[in-house]
There are 2 protein chains.
Amino acid sequence: MFDAAGEPGEGGFLAELLQRLRVASGTGEGEARGDFDLLAPYVLGRVRGRAMDAPDPDAFWRLEVFYAAVGAAIERRTGVPCQPMLRMFREGHGRLVLVAGRLVVSSRSVGDVRRFGFDSIGALADAGERLVAEGTELVLRYPDVAHHAP
Amino acid sequence: MFDAAGEPGEGGFLAELLQRLRVASGTGEGEARGDFDLLAPYVLGRVRGRAMDAPDPDAFWRLEVFYAAVGAAIERRTGVPCQPMLRMFREGHGRLVLVAGRLVVSSRSVGDVRRFGFDSIGALADAGERLVAEGTELVLRYPDVAHHAP
């Protein structure tokens, strides 16, 4: 979430997401390529502008990075490492689970991965933070399962 | 497990595995292609005879069918559907999880999927039944997690 100063808060979902996007794009903090540019591929205005009949090799990657950031924020709050697993059954369709120990902290069906996006950066941050909150709650509710050896 | 008569027991792991292999091979029960032939690709003598530098498109499939059979046997005992999810990180390496609701009932790292095999059909049956027993125990220990909506 962007805090009062309009900056992504320390250790939250958006900070984790930006960190991964920066690493992937090879840009450091404070470099020319701003946070908004890095997050733009998650915003639906851009998503809708995409040619939906064209394959998008980055679509899976964006989805996984989103869930990796959710997992990192859950780990920061609970100390339990989370690993995203994406399984595609046929082109663009599949299922994503975020696994902590023996607990699935998040699970979603993926209809068309190319349509994965949000109305705004605020909506992206809210969706991520909601998943972080839900996952954290599950880890705290089922600690034995989450700490179970994989 | 083969019972006293040397037949795979009703509803156990091996019966579930054979059912899937029969469907995939297009052979019915009692048809010419016997159970031993269907199970042979899981037996290490055959595995060791494979050219290990050649890609094996059936290797992932065999691993998934093995875990699908484990999951079906767990479902038969507990009533909870199980879904295998295989994630390959790079060629031949990855992780497989068997998910029931929000519970990971089985999880394994896959080193080289082409080497997935057993010393004998008995060892294959034992390994499958052990995973079924472990998974069933986990479902019974954490019923809330296993019955949690995905």
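User: So in chain A, among contacts between residues at least 6 apart in sequence, what share join residues at least 24 apart?

Analyst: In this predicted model, the share in chain A is 59% of the contacts between residues at least 6 apart in sequence.

User: And what's the order of elements along chain A?

Analyst: From the N terminus, chain A goes α-α-α-α-β-β-β-α-α. That gives six helices and three strands. As for burial, 52% of the 150 residues in chain A are buried.

User: What comes just after α4(A)?

Analyst: A:G79, which has a positive phi of about 80°.

User: OK, switching to the interface. How much area do chain B and chain A bury between them?

Analyst: About 2100 Å², with 55% of it on carbon and sulfur atoms. Chain A puts 24 residues into the contact and chain B puts in 24 residues.

User: How many salt bridges cross between chain B and chain A?

Analyst: Two. One of the salt bridges pairs the side chains of A:E64 and B:R87, at 3.1 Å from N to O. Across the interface of chain B and chain A there are also ten residue pairs in polar contact, both residues at pLDDT 80 or more.

User: Which elements of chain B supply at least two residues each to the side touching chain A?

Analyst: β1 (83-90), β2 (93-100), β3 (103-110), α5 (121-141) and α6 (143-146) of chain B. β1(B) gives the most, with six residues.

User: And how does the side of chain B that touches chain A split by class?

Analyst: It has 13 nonpolar, five polar and six charged residues.

User: Back to salt bridges, then. How many over all chains?

Analyst: The count comes to 14. In chain A, the residues A:E16, A:R20 and A:R76 are linked in a network of them.

User: In chain B, what does B:E16 pair with?

Analyst: B:E16 makes a salt bridge with B:R20, with the closest N and O atoms 3.0 Å apart. Both residues sit in helix α1 (residues 13-25) of chain B, four residues apart, or about one turn of the helix.

User: Is B:E16 buried or exposed?

Analyst: B:E16 is buried, since its relative accessible area is 5% and the cut-off for buried is under 20%. B:R20 comes out as partly exposed, at 27% relative accessibility.

User: And which residue does B:R22 bridge to?

Analyst: B:D35, with 3.1 Å between the closest N and O atoms. That pair links distant parts of the chain: B:R22 is in helix α1 of chain B and B:D35 is in helix α2 (residues 35-39) of chain B, 13 residues apart.

User: How do B:R22 and B:D35 count for burial?

Analyst: B:R22 counts as buried at 14% relative accessibility, and B:D35 counts as buried at 18%.

User: Last one: what about B:R115 and B:D112, how far is it from N to O?

Analyst: Their side chains meet in a salt bridge at 3.7 Å, N to O. B:D112 counts as partly exposed, at 22% relative accessibility.

Notes. Residues numbered from 1 in each chain as written. Chains lettered and ligands numbered in written order. Predicted model: local features only at pLDDT ≥ 70, side-chain atom pairs only at ≥ 80, totals over all residues. Heavy atoms only, no water. Contact = heavy atoms within 4.5 Å. Buried area = accessible area lost by both parts, 1.4 Å probe. Salt bridge = Lys/Arg side-chain N within 4 Å of Asp/Glu carboxyl O. Polar contact = N/O pair within 3.5 Å; in protein donor to acceptor, adjacent residues only side chain to side chain. Nonpolar A, V, L, I, M, F, W, Y, C, P; charged D, E, K, R; others polar. Buried < 20%, exposed > 50% of the residue type's maximum accessible area, 1.4 Å probe, protein only.
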